[in-house]
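I wanted to look up how the side chains of this chain pack and pair. These are my notebook entries, in the order in which I looked.

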Amino acid sequence: MGQGSGIGVLDKAVVVLRAAAAAPCTLGELCERTGLPRATAHRLAVGLEAHRLLVREPDGRWRPGPALGELAHGHGDPLLTAAEDVLPGLRDLTGESIQLYRRDGSDPTVRVCVAAAEPASGLRDTVPVGVRVSMAAGSGAKVLAAWSAEPSAFADRVLEEVRRRGWAQSVAEREAGVASVSAPVRAADGAVVAAVSVSGPVDRIGRRPGARWAEPLLDAARRLESRVGEAG
């Protein structure tokens, strides 16, 4: 493991970080690279993921997370700080899962869940922080595409409708049995920088989730924008 600090759990966590930084890795690969027992490697990786020092891709591989860059630059992300305050309130109001998505800067075909708030119990639409999701389906993808110059998988009429309404909805697009509604989050210059979403089982949230949750969702988006503006 190289030179250690003498603090066992810290040294092991650093070894896990270095292994994932070398190349994204599955749990098995993480064990091979670190020499750690499977249970230990998994516990540390999940803990680092919770602090956004690692993120897990859809195929189960861990890679370095956004918190490393934030720490290196000496400041946090105002939008994520705002999300910590705003998303739980929206979750409690709706009783559904809440996500905040950004488009991946290095791959325009992908969006990333950068914050989430899940209900404590009941059927949930769990999207872990750090998960990368296709830009080809789902209400969050429609919102991010509607105000972007990047090529889109959606028809022009679909994006025109999203811009007209100011929000998007989807039913069983990203995942069977799941419906969602999303709204744009804008920077001070008006550019859409993220999409905030309410999602849940179709049987509970309905086939027209926008009719039910668009207004509180738009209010949450405005509060995110306001908090970010105050931080700036």
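The entries below go from the nonpolar cores to the charged side chains.

**Ground rules.** I am working with a predicted model, in which local features need pLDDT of at least 70 and side-chain atom pairs count only at pLDDT 80 or more, while totals for chains, interfaces and linings use all residues. Residues are numbered from 1 along each chain as its sequence is written, and side-chain values use heavy atoms, with hydrogens and water left out.

**Cores.** I looked first for nonpolar cores, meaning sets of buried Ala, Val, Leu, Ile, Met, Phe, Trp, Tyr and Cys residues joined through side-chain atoms within 4.5 Å; buried is under 20% relative accessible area, exposed over 50% and partly exposed in between, with a 1.4 Å probe and protein chains only. The largest nonpolar core has 31 residues, of which L87, L100, V185, V196, V198 and L224 touch the most other members. Among the elements that each supply at least two residues of this core are helix 5 (78–94), strand 8 (192–201) and helix 9 (209–231); helices (H or I, at least four residues) and strands (E, at least two) are DSSP runs numbered from the N terminus. Another core, of 17 residues, lies apart from it and includes L27, A41, L53 and L54.

**Rings.** I then noted that the charged end of R111 sits over the ring of Y101, 4.4 Å from its centre, and that the charged end of R186 sits over the ring of W147, 5.0 Å from its centre. I count a charge as over a ring if NZ of Lys or CZ of Arg is within 6 Å of the ring centre and within 35 degrees of the ring normal.

**Salt bridges.** I found 12 salt bridges in the structure, each being a side-chain nitrogen of Lys or Arg within 4 Å of a carboxyl oxygen of Asp or Glu.

- R132 forms one with D104, their closest N and O atoms being 2.2 Å apart. Because R132 lies in strand 5 and D104 in the loop between strand 3 and strand 4, the pair ties together parts that are 28 residues apart in sequence. D104 is buried at 10% relative accessibility, whereas R132, at 22%, is partly exposed. D107 is linked with D104 and R132 in a network of salt bridges.
- E173 forms one with K142, with the closest N and O atoms 2.8 Å apart. K142 belongs to helix 6 and E173 to the loop between strand 6 and strand 7, 31 residues apart.
- D219 forms one with R223, at 3.1 Å between the closest N and O atoms. Both lie in helix 9, 4 residues apart, so they are separated by about one helical turn.
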